[in-house]
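Please keep the sequence and the model at hand while reading.

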Amino acid sequence: MRRKLTLKLIAQELDVSISTVSKALRDSPEISEETREKIKAYAKKYNYKPNNIALSLKNRKTNTIGVIIPQIVHHFFTTVIRGIEMTAREHNYNVIICLSNNDFDKEVLNMELLANGSTDGFILSVSKETMLKEDYHHLNEVIEQGMPVVMFDRVVEGIPCDRVLIDDKAGAKKGVMHLLKTGCRKIGILTSHDYNSVARLRTEGYMEALSDAGVAINEDLILKLDNIDECDDDCHEKIKQFIKKNDLDAIFTVNELFAVAAARYIQEEGKRIPDDISIICFTDGNLSQHFLPSLTTVSQHGEEMGRKAAEILIDKLQRDEENEESTTTYIDTSLIQRESTHTFKNR
């Protein structure tokens with residue numbers, strides 16, 4: 001018996017990427033005419049249905065929510081999942097969790113699998129590669145077929161779905177303002193490139209805090225790293241050199257992995273935290289709490305974010321109303337002060 005034809009199988013048969021198959025079937029000009037015709041001919045020959053990513057029938061309820069996250073290693077995502085699970089259980093919903101591993105093709109395949117009758121709706125944080133490609137066809141297809149989607153943390157503008165966010169810009173500004181109030185002026189930032197909406201907004205908050213305090217923005221004190229989700233050997237080396245060559249009195253980082261790496265190299269340089277260099281980071285996970293010295297953080301309240309995302313999705317599923325307006329909900333951040341920064345009175 002022939003297996004059901006999917007984007008992945010077509011890609012394997014024709015030795016192209018899943019993204020190429022998807023774009024060819026949508027007549028994207030990014031794909032050559034020859035490749036488009038070859039893929040479309042193969043799909044027609046074997047009766048491929050391009051909308052099989054969203055075959056969940058509106059009248060067939062599974063009472064199951066699909067959750068797709070980029071990574072599991074971050075404390076933030078584990079707390080979001082906990083919040084989703086708790087709320088889902090309270091409303092007698094099950095949860096299926098998939099990892100995209102920041103890979104576009106894996107994200108598309110996850111949605112194809114879960115939307116094919118397994119789930120009633122989605123909660124997701126978009127992968128790094130999806131943001132880089134700016135290819136959101138899989139999200140639009142699901143929504144067009146009537147499946148509700150709630151995005152959190154990393155979201156895409158222009159897609160008609162609900163969003164649950166923290167105010168990343170305001171949260172970053174809150175952290176940098178704390179450093180400024182303790183007397184710091186040469187404040188560096190460890191962030192990611194601007195394709196990442198979260199990192200971009202946090203960088204904007206850092207810059208706005210400096211500007212409001214009358215501190216000139218020095219581009220040399222802004223280090224944009226390739227991956228916000230991990231800190232590999234290359235990332236470590238860049239952070240090490242950044243600390244060596246800049247005369248800093250504080251560092252603000254967009255996650256705790258960057259902060260822990262920075263703290264390590266500050267101490268290797270024989271400098272003290274916070275007497276010589278203060279540190280503040282986003283997340284407030286186990287690393288921040290148990291590192292020595294413990295790290296001052298901007299808490300994202302992931303569990304609350306997960307709860308709110310699940311509440312919004314379940315409410316939509318239970319009301320089952322079409323053409324509802326999309327909403328954006330913001331979760332407040334809070335500053336958790338620990339040993340890596342001075343209090344106001346000490347400076």
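Lysine 40 and aspartate 27 form a salt bridge, with the closest N and O atoms 2.7 Å apart; a salt bridge here is a side-chain nitrogen of Lys or Arg within 4 Å of a carboxyl oxygen of Asp or Glu. Because lysine 40 lies in helix H3 (residues 33-45) and aspartate 27 in the loop between helix H2 (18-25) and H3, the pair ties together parts that are 13 residues apart in sequence. The model is predicted: local features need pLDDT of at least 70 and side-chain atom pairs count only at pLDDT 80 or more, whereas totals for chains, interfaces and linings use all residues. Residues are numbered from 1 along each chain as its sequence is written, and side-chain values use heavy atoms, with hydrogens and water left out.

**Salt bridges**

- The structure holds 20 salt bridges.
- Aspartate 168 and arginine 202 meet through their side chains in a salt bridge of 2.8 Å, N to O. Aspartate 168 belongs to helix H8 (residues 168-181) and arginine 202 to helix H9 (residues 197-212), so this pair ties together parts that are 34 residues apart in sequence.
- Helices (H or I, at least four residues) and strands (E, at least two) are DSSP runs, numbered from the N terminus.
- Lys169, Lys173, Glu208 and Asp212 are linked in a network of salt bridges.

**Exposure of the paired residues**

- Lysine 40 is partly exposed, with a relative accessible area of 29%, and aspartate 27 is partly exposed at 42%.
- Aspartate 168 is buried at 4% relative accessibility, and arginine 202 is buried at 3%.
- Buried means under 20% relative accessible area, exposed over 50%, and partly exposed in between (1.4 Å probe, protein chains only).

**The second largest pocket**

- The second largest pocket has a volume of about 330 Å³. Of its 18 lining residues, Val155, Glu157, Ser197, Arg200 and Leu201 are the closest to its centre.
- A pocket is an open set of points on a 1 Å grid over the protein atoms alone, where a 1.4 Å probe fits, with protein on both sides within 12 Å along at least five of seven lines; lining residues have an atom within 4 Å of a point. Volume is the space filled by probe spheres set on the points.
- H9 gives the largest share of this lining, four residues.
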